[in-house]
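Try each task before you read its solution.

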Amino acid sequence: MPKQETVTYDRIKGVKQIPLEELYTSGHRTCQGCESAMVMRDFIKAAGPRTVVTGSTGCMYVANTSYMTTPWIVPWMHTQLGAGGSSAVGMAAGLRALMRKHKIAPEQINVISFCGDLGGGDMGLSGISGALQTDYDLLIVLYDNESAANTDIQATGMTTYGAQTTFTPPGKKHRIMQRRWKKNVAGMLAVGHPTCRYVATACATFPPLDFLNKVRKALAVGGPTFIHSFDPCPKGWDYHPRYSHELGPPRPPPAAPRGTRTRRAVTLSRAHRTKGWGGAARHPWGWTRAQDGIG
Ligand SMILES: Cc1ncc(C[n+]2csc(CCOP(=O)(O)OP(=O)(O)O)c2C)c(N)n1
Ligand code: SF4
Ligand SMILES: [Mg+2]
């Protein structure tokens, strides 16, 4: 096997260092305010053009590749709903074999596979587990919009407790899916896969640069890596698209009653500690549909 050229990824320290080149560009039909589309745009920006992408069925396949159009500038392949992990392994193995046989130059080509919370967190979990037990250089990005969004917002194993979806409608009768806790896929994969080199959770838009740098770190570390991104979805979560970037950050925990000694479960960013949400009335969840201007 010829020695591969390695690429070192520099940490992006400020917005001015973000690459200007767009490798996920116009030509898609995702909803206004779609954070999952930001995930696609950001990971490929961080990875650069020497990348092949494979993506499983879901919004990020269907809305991104309407007939004869695509926003992808890099080589891209659609794969079956539960095949995020296996397609990444196949892609990485194919590239390694071509390099070993001197059919292509030995250089670092990033393999990034994306999947949704149903495709990756439920159906394709075994494939991802298998991929993380290999020694291939691959990154799996699970974009989590907390529903099967593409097929009209059905609950998945990663939907939040009590959420309203087409499988879990409001009303007096509660289905089992309405009262189960969100599956912790990143934690589960991290503790169970010693061969996995890097696991992270992120939000595409907050804190700024965080997701880009986590993608870069994963690619620089090499080996099988995994990132779970938390993606507000205006259509599924029923809020105005302008709030997408505000819904990603962790929410401050509720204030404890006076005199109670507490430890903060969530580490808040400096911006939130100093500015908070700008008053309860401004918090996105606190706005009514009329105030939002929707319907
Ligand atoms: C084997 C299989 N079962 C069902 C479907 C129908 N289907 C297409 S996309 C989708 C939802 C995928 O949900 P998720 O992975 O969370 O991605 P999202 O749509 O939320 O982006 C379903 C059920 C399919 N394509 N293949
Ligand atoms: S339904 Fe949600 S995830 Fe799908 S394109 Fe619209 S905003 Fe994005
Ligand atoms: Mg989903």
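The exercises below concern a predicted model.

**Exercise 1. Check the length of helix α1, residues 35-47.**

Step 1. Helix α1 has 13 residues.
Step 2. The expected span is 1.5 Å times one less than the number of residues. For α1 this should be 18 Å.
Step 3. Compare with the model: the end C-alpha atoms of α1 are 18 Å apart, which agrees.
Step 4. G48 follows α1, and its phi is positive, near 90°.

**Exercise 2. Decide how far α1 is enclosed by the rest of the structure.**

Step 1. Conclude. Eleven of the 13 residues are buried, so α1 is largely enclosed by the rest of the structure.

**Exercise 3. Describe the shells around ligand 1 and ligand 2.**

Step 1. Start with ligand 1. It is surrounded by 16 residues, and the closest are G58, C59, G116, G119 and N150.
Step 2. Find the helix that gives the most to this shell. It is α4, with three residues.
Step 3. Sort the shell of ligand 1 by class: six nonpolar, nine polar and one charged.
Step 4. Turn to ligand 2. The residues around it include T30, C31, S36, N145 and K235.
Step 5. Find the largest share here. Helix α8, residues 234-237, supplies three residues.
Step 6. Sort the shell of ligand 2: seven nonpolar, four polar and one charged.

Terms used. Residues are numbered from 1 along each chain as its sequence is written. Chains are lettered from A and ligands numbered from 1 in the order in which they are written. This is a predicted model: local features need pLDDT of at least 70, side-chain atom pairs count only at pLDDT 80 or more; totals for chains, interfaces and linings use all residues. A residue is near a molecule or strand if its C-beta atom, placed from the backbone, lies within 6 Å of it. Helices (H or I, at least four residues) and strands (E, at least two) are DSSP runs, numbered from the N terminus. Ala, Val, Leu, Ile, Met, Phe, Trp, Tyr, Cys and Pro count as nonpolar, Asp, Glu, Lys and Arg as charged, and the others, Gly among them, as polar. A residue is buried if 20 or more other C-beta atoms lie within 10 Å of its own, exposed if 12 or fewer, and partly exposed in between; C-beta atoms are placed from the backbone.
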